[in-house]
Each structure stands twice: as structure tokens, then as C-alpha cells.
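Student: Can you take me through this one? I want to start with the contact between the chains.

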Amino acid sequence: MNVTIIRFPGTNCDLDTANAVKKVLGIIPKIISCKDDKIPKSDLIIIPGGFSYGDYLRSGAIAAREPIMDDLELRGNQGVYIIGICNGFQILTERKLLPGSLLKNSSLKFISKNVELKINRNDTFFTSKYQTDEVVNIPIAHHDGNFFADQDTLNSIEDNNQVALRYLNPINGSLNNIAGLYNKNLNILGLMPHPERAVDIKTGTNDGSRIFESALNFYST
Amino acid sequence: MDIYESHSINKEEKELLLNYLGRDPSHTEIGIFSVMWSEHCSYKSSRHWLKKLHTEGIQVIQGPGENAGVVDIGDNQAIIFKMESHNHPSFIEPYQGAATGVGGIMRDVFTMGARPIALLNSIRFGELTHPKTKFLLSGVVAGIGGYGNCVGIPTIAGETGFDSSYNGNNLVNAMCVGLTTKDKIFYSKASGVGNPVVYVGAKTGRDGIHGATMASGEFDDESEKNRPTVQVGDPYAEKLLLEACLELMQKDAIISIQDMGAAGLTSSSVEMADKGKVGIELNLDYIPTRQQNLTAYEMMLSESQERMLMVLKPEKTEIAKEVFEKWDVDFAIVGKITETNNIVVLHNGMIEADIPIKFLTDNAPMYKREKIKKNKRNQKPQPLPGIKPKDAILKMLNSPNICSKKWIWEQYDRTIMANTLNDAGGDAGLVRIENTEKAIAMSCDVNPRYCHADAKKGAMQAVAECWRNIISMGAKPLAITNCLNFGNPEKPEIMNDFVETIEGIRDASIALDFPVVSGNVSLYNETNGDAIKNTPTIGGVGLVENIGVLDNFGSLNIGDSIYMIGKKGSHLSCSTLEEVYNGESSIDPPEIDLYQEKLNGNGVLELIQEKIITSCHDISDGGMIVTICEMIMMDEKGATINIVDNNKMIGELFGEDQSRYIITISPELESIFEKKMKKRGVKYELIGCITSSQLKINDSIIISSNEIRDAYESLIPSVMNNMA
């Protein structure tokens, strides 16, 4: 399986994500710069967390307009699997590859803590190693994770069963406690929690590993 | 006011300056002298005394004098760390002041070649009820988080205190810890006549001009007008600068490197040249600037953030340029190393400054200021009112200096880098070294109440508490950094306290083999003549060689016995209990026996490393019962405590006697434990056992887990979330 991680200026979870992929899957991912012309052939593309371009405009807004995102959009449309974590999720919504948007947390403060999340469905590329409705524990660390969509969009997200995981308890003001969601084709996942920080029980939880294991599972079965 | 006075150069210093130069200085030169001779840069009141600190040990690779201290952690790896104050700016503009404090200390660490792996802080404010505290606390916390979170370094430990002496001067002490290999440590010593001097990082603007001078004076009611001297931080620029510098450091191109901190271009260029005993010539026409028409004076004194100065190997200049361009970071050759031993500043074809460097460094004014031991306040311990233990426990847990600081640390990203091993639990932060079984424990500590009452004893206790916190994580303490926050050193009592503080730190660090490898002094923390309590913050690091020994460490088992290491508590003078009940504390802090401290600490370390005990916490503010409450809350358990003599209960629960720990142990290992402690000469006492819930003392006092948690967690949110 070829895994590619795209780094924007200000991305700061690229090395953590690469380490997690290495630890969990034994695969060394390729880290590319957003200034590269094209994304190499990949089975999984990850946009990691951070503060792309300092998030001085809306979070993810400038990164979403980088030329490399044209290629990412093309790959997404071709069915390549893509994960956006935290700032990556914000970039994907800014690019409209995922519906809705991520506003400032309702507390207007940065929140860093381990949270309980419920897996909404386990029949996707990213979640086959979980149980549906399983509760997992993964850290969040964000200022702008308050998921918002207009009522029609929200209805369509729910009707199409696009929610990937929900906060068990309200944390940042997200509608329907949405912590992560898929596009309609279920090949693009955006999530605010950081699975790459939850791959080793010594750091408190390894509940994030199975997102990566699920992906590998898909390619090896 | 003449131009010298307006630059905080006093009459004697003016005479000295004119005598050195033998001519009238230019405006730019006056600016350069004023910042280099400021307290902040020259350490003119403290330099003489700082030499007395204990700075050596086999673990020390680099002691004070460089951008940060360096210690050996084996396997060709080294830890680089330092703590620095950003007090004055944080009072005037809390968000930016705190943010740039974090940025500055990070640069000190990555300048030396280390990737930062953790941030810590020690922050102190006026009373929680003071009208300014809410504004300052929320701004400082947001600033610390805003900067560290964006650069992507976990903020893993710290302390927050409240005391009326900080009503007019809050403290922000930030610490950064970085990791490198021993063959990749970079120093600031310039060399090689003709070698290019290179400027990298953010552009220079007018922000922060005279910041160092501002930080070397007292405050009055007009201090708000200093807001323009506070720098503005850009963590995004810092992140790019960090990555670019670390990449270049792999390419054998750098001869010397120095971050532009206080006094910006002036102090970085002077320090590099001074260390190498060479001259330096800067041509300001090439400085990347944010605005047009900056004068030489402004460029030399600007404290714009996220900038570095380097001396490169000439043949590697192009490679270096490519690296910085790739990271979108400005790169400009702005001068060269010369053999003149002078700093020469050119701008628009004119010589703006030409000063022998030694006048700015070795020959800068140094004061051995008058010191007088202050009269011990004739204040007897106030009798404590009839205290009911249950009320007192809840009141203590709900007091500003004991209560949970979760509202604060939840705003700091603690899990980034995925190596944080104890997320907000435990006495010190613990970060694993990637791809190894090693981890670094770190802690920041000081008790200003003790320091105010007895400067020397308080300083010893600060070092010892830091040592204890690191021990409690199963780590071998290695070395410390410090931030010495004091009032006006021209007041003989304050100078005396400063000198006694140095003695206290020295004695404790010798006794505990815990040398000082870096540090910072912040004086003039006064407003309208009211000084802060002495606050010598100690930041320490320690090494866990095998994190395997910590598997399951820290989880309490029902039925575990609870032991106290050290003697039973009784000392209530100067305690938190006194502060909480009487509003102020009396004059006699507890005694500290450094020999016993070391025995107890090494005993505890053996117990952890041999996996004999299930958890360990030191006893500090609030005494034994506060430690027990924190332990059982963290693991959602309960405890039963037995106090034999009811008449001594208050002292045993709340006494702040030193050198003590609480440990828990499975009953079947008690005999091994007792044997080991007896052999080492360590006193211990069985005080109770772990239960499933609630705190029970002598069957008569019962406090539910919910009561404990509510008292502990409600205070700061109730103050801060009530924005009315």
C-alpha cells in the first residue's frame, strides 16, 4: 500500500502521522510538499493536522486553494482514499470535498483532551476494524472544530449515513456531535480527533490505530 | 531629560561611555549602548553573584553562557533546555507578551540544534479576585497556547500561582526542552575573518524597540503607554524558521548561530563576535524590512520576532539560501566577520556605529549593589481558628493555589508529537524520546511564600521540590535552569534576598547533584514601588532510562497500602493552610535537610525503578491530605487514612514539612519495602489504604468523591467563565 502525506507550510502533524503509519502498518509513507506538482501514485493520501499558513485567514482556507489540491480533488473523484485530520479536515471542507464547515469552538478556546467518540458505522474503508457504535478514546486538540452545516446539508449528511464518528458528549458545539464524516462515496474521511496520537497504549490510548489497520485490511483482503 | 537619561543611561554610565569612546556617540551608538548596558542584557546587578552557582557535573555538556544548557542523556543524545521570563511585556499586553515569551525560549533551544520536544511554564498572577487578574490570566494562557500549539510543541507541565504581590506585575516564565545528538550542537561563537554574516527569518519592523530597556525598569500607572514596545509574535513564521534551521543544521554549513532575542540585531551580533573575539560589520541596507525608511537606530534596536543571525561557511552560502527559500523564509547576507574587534554598522553609505565590542560586554558596567538583610517581620504565627478537618480539606481544595488548573492546561496542546506519556497526571511532565525506551521528566517549581519569608531556605526548597517532582516520575534528576524574578535590586533588602537565593540554589544543587546549566534574571518587577515576592523559579529535567518500569505505574489498586516517606507533618507556619485561613502567612517556612532529602529521594527512585510501589507523589503545598486527594481523584478511587492522635490531626494533614512523598504499595511487598527503606535510613509511616471511593479519616470524617472533585475543579471555571 502506498501512503502519501501532504505537508503545507504550517503543517505540524506530518511527522507524527508518518510515525503512526510506520508503527501501525510497517509502511514508510512519502511526505510531499504542497508545492510539488503532483501527488505520487497513492492508495491512501493523508492531510495531517497543523496550522497551514498560520490559519491566519479561516482555518484551511489558503491551503485549500493550493494548486496541488486540484490533483487531490481529481484523485478523490477517481476514488482514491483520502483522510484529512484536524487542519486536514478543515482543508477538505474549505475545498468542498466534504460538506459543512468547522467554526470556532463554542467556548472560543483551544481544547486539548482525550475524548470519547462513537463509531457510527464499520462498513467503510476506514473503520472495518471497529464495531458499529463502539466507543473509542482519541485526543482532540483544536480551536476550530465546531462542525456546522445548514439544515438541508445536515439532513443529507444524516440521510446518507455520512457521519463517521460522533463525540459521546458535547464538546465544541458541533451539530449532531459530529467529530468526523465521509463524502457521499465514502472514500474521503475528515475528522477532528487525532488518530495518529493514539497508536501506543503508553501514551494513554491506542484506539486510533485501527483507522490505519482498517485501511491496510482493505488492501490485504 | 537629556538623551542619555531618556535611554536609561545614568550619569556615571554616561561618563564611562564617553571615556570609552573618547568622542560623542552617534544616536545609533547611544541606542546600542543603552540596550547592551540594560539590566536585561548586561546582568549588571546580578553578574557578579551568578558566578557562584553550581554549574558542573559529569552529565553537563554546556553550562550557562550559551543560548541554553546542554546535558548528556546517553546514546549520543543530548537534551538542551532553558527557561526565560517575559514578565514585563505580559503585564502590558498579556497575549503577545506570553506568546513571544514562548517563541523566544523555543528559539534559544533550536538555535543550538535541538528540535523542541516540550514546553513548560510557570505563571503567577495577583489575587484571583483582583479586577485585572481575569484579563491577564485569560490573555497569558491564550498566548502561551496560541504560540506553542501552532508551532506544534506540546506544553506538558507547569504551575500557576496567585498572590497579591503580583497584582501589579504578573510573571510569565516559559521553559523549552529540546533533543539533539551530541555531534549536532551549535554554538554562538563566531569565527573566520571574511565569513558571511547571514540574517534569516521574519522581516524587521518597528516593534519591540527598547523592549530590553522597558524590561529593565519598574512600572507605574503610566506603564500601559509601553504597549508599542511589546513585540508581536508569529508562530507560523517560527515553525518555518525552525524547520529551515534544523534542515540546514544537517548540512555542515553553520559556523555559529544566535537567535535575535532581547535587543535583536544588536545583542545577537555583539554576542557572536564577543564569544569569538572577532569583529563584525553589518550593512543595514541588506536587512529585510517590513516597513520602508527604517533608520539604523530602529533596525539595531528592533525586537521583531522569529529572526536569527548566523555565520556561514562561505562555500555553503548558496546551499543555505536554497534551504531557506524552500521554507519561504527570508535569507540575506548582511555583513561579515572582521579582525577589528569592533562592531561596525553601515547604512546608506554612512558609518552609523563603530564600537569596540568589549565596551559592550566585558567592560559594561557591573554593580556589586549594597545589600542589607531585611528585618524579619515581627510577625508571630497567627493562631489558626478552630478548624474542622472536613471543612478545611474542602476549603483548601477550593483555594486558588491548590485548586485544579484544568481550565488552563486544557488550552495547551499536550499530545502533539505523540510522545506525552502522562497527560496532565503526575508531578512532572513525561515525554518519551522517539524510537527509544527513554523518557525525559520535567517540572517547574517555586514557593514564593517560603522565598519571601526566607530567601535562602525558599530557594533550597524550590530546587528540592523540583527534584522531588522528577523523582516521583521515576526519573533520575539531571540538571536545572532558573528564572530569578525579583523587584528592584537597587533596594538593599531585595539585593540581599537575591544573593541569599543564589546561595540557596547553590547549596541545594550541590547537595542533590542537580547543577544549573542555564538561566535568566528578571529584576525591577515592581509597580509604584511595590515589589513582587522573590520568585526564583526552578525548571528541572530528569531521565527515565527504561519506560517499561512505568507500565501501570500510577494506577491505584483497591487494598494498596498508603505510606508516607519522611516524617509525620506538623509544620504549619508559612503553610497554605495559614494563607487560606489567615489571608497571609507567617515567617517561618519549614526546615529542609538536604542530606535527608537526597536519602529519601534516592530511596523512592529505587522503589519505582524496581517496580515495588504502584504510585508516588511528592507532598508540597497543602500538605499530605492535598496530595492524597489529588491521587485518588486522578484515578477515581478512595482512601481511608488513620491519624493516631486527634490533637495532632491538623498538623499531620496540612503540615508542609519537606522531603516527603506519598506512595502506594501492594501489601505483599511491604516487607521488602520496609527492609529497603531501613537500609537506606529513610523514615516511613503507614497512614492508610486505597478504597473504591470517598475519603475517610479515622471513621469520623467522611468526604464523598463528588465533594472532593467539586471543590477541586470548580473555582477557576467559576471565576473565568463568568465574564460579567
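**Chain contact and backbone angles**

Tutor: In this predicted model, 23 residues of chain B are in contact with 26 residues of chain A, contact being C-beta atoms, placed from the backbone, within 7 Å. Local features need pLDDT of at least 70 and side-chain atom pairs count only at pLDDT 80 or more, while totals for chains, interfaces and linings use all residues. Residues are numbered from 1 along each chain as its sequence is written, with chains lettered from A and ligands numbered from 1 in the order in which they are written.

Student: Which elements give two or more residues to the side of chain B that touches chain A?

Tutor: Those are α8 (133-151) and α10 (235-248) of chain B; helices are DSSP runs of H or I with at least four residues, strands are E runs of at least two, and both are numbered from the N terminus.

Student: And which gives the most?

Tutor: α8(B), with four residues.

Student: Other topic. What is phi of N76(B) near?

Tutor: Near 65°, a positive value, and N76(B) is not a glycine. Most residues other than glycine have a negative phi.

Student: Where does N76(B) lie?

Tutor: In the loop between β2 (69-72) and β3 (77-85) of chain B. N76(B) is exposed, with 11 other C-beta atoms within 10 Å; exposed is 12 or fewer, buried is 20 or more, and partly exposed is in between, with C-beta atoms placed from the backbone.

Student: What about phi of Q694(B)?

Tutor: Q694(B) is not a glycine and has a positive phi of about 65°. Q694(B) lies in the loop between β25 (684-691) and β26 (695-697) of chain B.

Student: Buried or partly exposed, Q694(B)?

Tutor: Q694(B) is partly exposed, with 17 other C-beta atoms within 10 Å.

Technical notes: Contact = placed C-beta atoms within 7 Å.
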